[in-house]
Amino acid sequence: MIRQKILASRRPVLPRQNRQLIANLLISLHHIKPTVIAATWPLPGEADLRPLCEQLVRAGYCVVLPQTPPKGEPLIFREWRCDRPMRKGRFGTWYPTGRRKEPDVILVPFVAFDRQGGRLGYGGGYYDRTLPLYPQATLIGYGLSSQEREALPMDEYDHRLPVIVTEREIIQIRKNEG
């Protein structure tokens, strides 16, 4: 119910919000210095990370995007480049035809977040099934500041995010929170 309410109230991402979010993500990634970065292809109403992906590839990083498998299975990360063909995936997603790669940073989208690192996804459980497969990966949640909520319900399968990036700020979650 909370998910549907938040999605119904969501406003389009303004170009300046998207640019600032990407700038803040670049700052976060610069401090980590990863090799393989898992991003996302935007769904309607989400921030558009395609400009970030292009910048990262130009800077020499390997960018992977998720292929959404049948329900109940984890995401598959495939290498993306500007010149690589894309295939239509599930739920209106697109994914590259590149080879599978293991990310060392995963940019995690959300419907909502809280300041304890809580994340509310779309309800399919894909990231909840995928994140345990990459325990070495740094997780960075991203979205707009308007997606913040006071406290989100979390269960044993939910993963708290250590960093959340919005167009306004980079939020570092302390370990003892949540």
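**Pockets and sheet**

Modeller: The second largest pocket has a volume of about 290 Å³. The model is predicted, so to speak for it: local features need pLDDT of at least 70, side-chain atom pairs count only at pLDDT 80 or more, and totals for chains, interfaces and linings use all residues. Residues are numbered from 1 along each chain as its sequence is written, and side-chain values use heavy atoms, with hydrogens and water left out.

Rolling a probe the size of a water molecule over the atoms shows where empty space is left. Here a pocket is defined on a 1 Å grid over the protein atoms alone, as an open set of points where a 1.4 Å probe fits, with protein on both sides within 12 Å along at least five of seven lines; a lining residue has an atom within 4 Å of a point. Grid points are joined across faces, edges and corners, and the volume is the space filled by probe spheres set on the points.

The second largest pocket has 19 lining residues, and Arg-10, Arg-11, Leu-144, Ser-146 and Gln-147 lie nearest its centre. By class, this lining divides into nine nonpolar, six polar and four charged residues. Nonpolar covers Ala, Val, Leu, Ile, Met, Phe, Trp, Tyr, Cys and Pro, charged covers Asp, Glu, Lys and Arg, and the others, Gly among them, count as polar.

For the largest pocket the volume is about 570 Å³. Its lining is made up of 29 residues, with Arg-119, Tyr-122, Gly-124, Tyr-126 and Tyr-127 closest to the centre. Two or more lining residues come from each of β2, β8 (119-120) and α4 (126-130). Helix α4 gives the largest share, three residues. Sorted by class, the lining of the largest pocket holds 15 nonpolar, seven polar and seven charged residues. Helices (H or I, at least four residues) and strands (E, at least two) are DSSP runs, numbered from the N terminus.

Seven strands, in the order β3-β2-β1-β6-β9-β10-β11, form an open sheet with mixed pairing. Neighbouring strands are turned by 25° against each other on average, direction ignored. Helix α2 (residues 15-32) packs on this sheet and touches β1 (36-38), β6 (105-109), β9 (138-142), β10 (163-165) and β11, with its direction at about 170° to that of β9. Contact means heavy atoms within 4.5 Å; axes are lines fitted to C-alpha atoms, for helices over the stretch in contact, and angles run from 0 to 180 degrees between N-to-C directions. A further helix, α3 (residues 50-58), lies across β1, β2, β3 and β6 and runs at about 140° to β2.

Strands of a sheet pair through backbone hydrogen bonds, either parallel or antiparallel. Two strands are taken as paired if DSSP finds at least two bridges between them. Strands β2 (residues 62-67) and β3 are antiparallel over five bridges, and Gln-67 is opposite Ile-76 in β3. Strands β1 and β6 run parallel with two bridges; Ile-37 has Val-105 in β6 as its bridge partner. The parallel strands β6 and β9 are joined by five bridges, with Ile-106 partnered by Leu-139 and Pro-109 by Tyr-142. From β9 to β10 there are three bridges, again in a parallel run, and Ile-140 stands opposite Val-163 in β10.

Burial follows, where buried means under 20% relative accessible area, exposed over 50%, and partly exposed in between (1.4 Å probe, protein chains only). In β6, five of five residues are buried: Val-105, Leu-107 and Pro-109 point one way, and Ile-106 and Val-108 the other. Strand β3 also has five of its five residues buried, while β9 has four of its five.

Two single residues complete the picture. Asn-18 lies in helix α2 and is buried at 11% relative accessible area; leaving out residues up to four places away in sequence, it touches Val-13, Ala-47 and Asp-48. Glu-156 lies in the loop between β9 and β10 and is exposed, at 69%.
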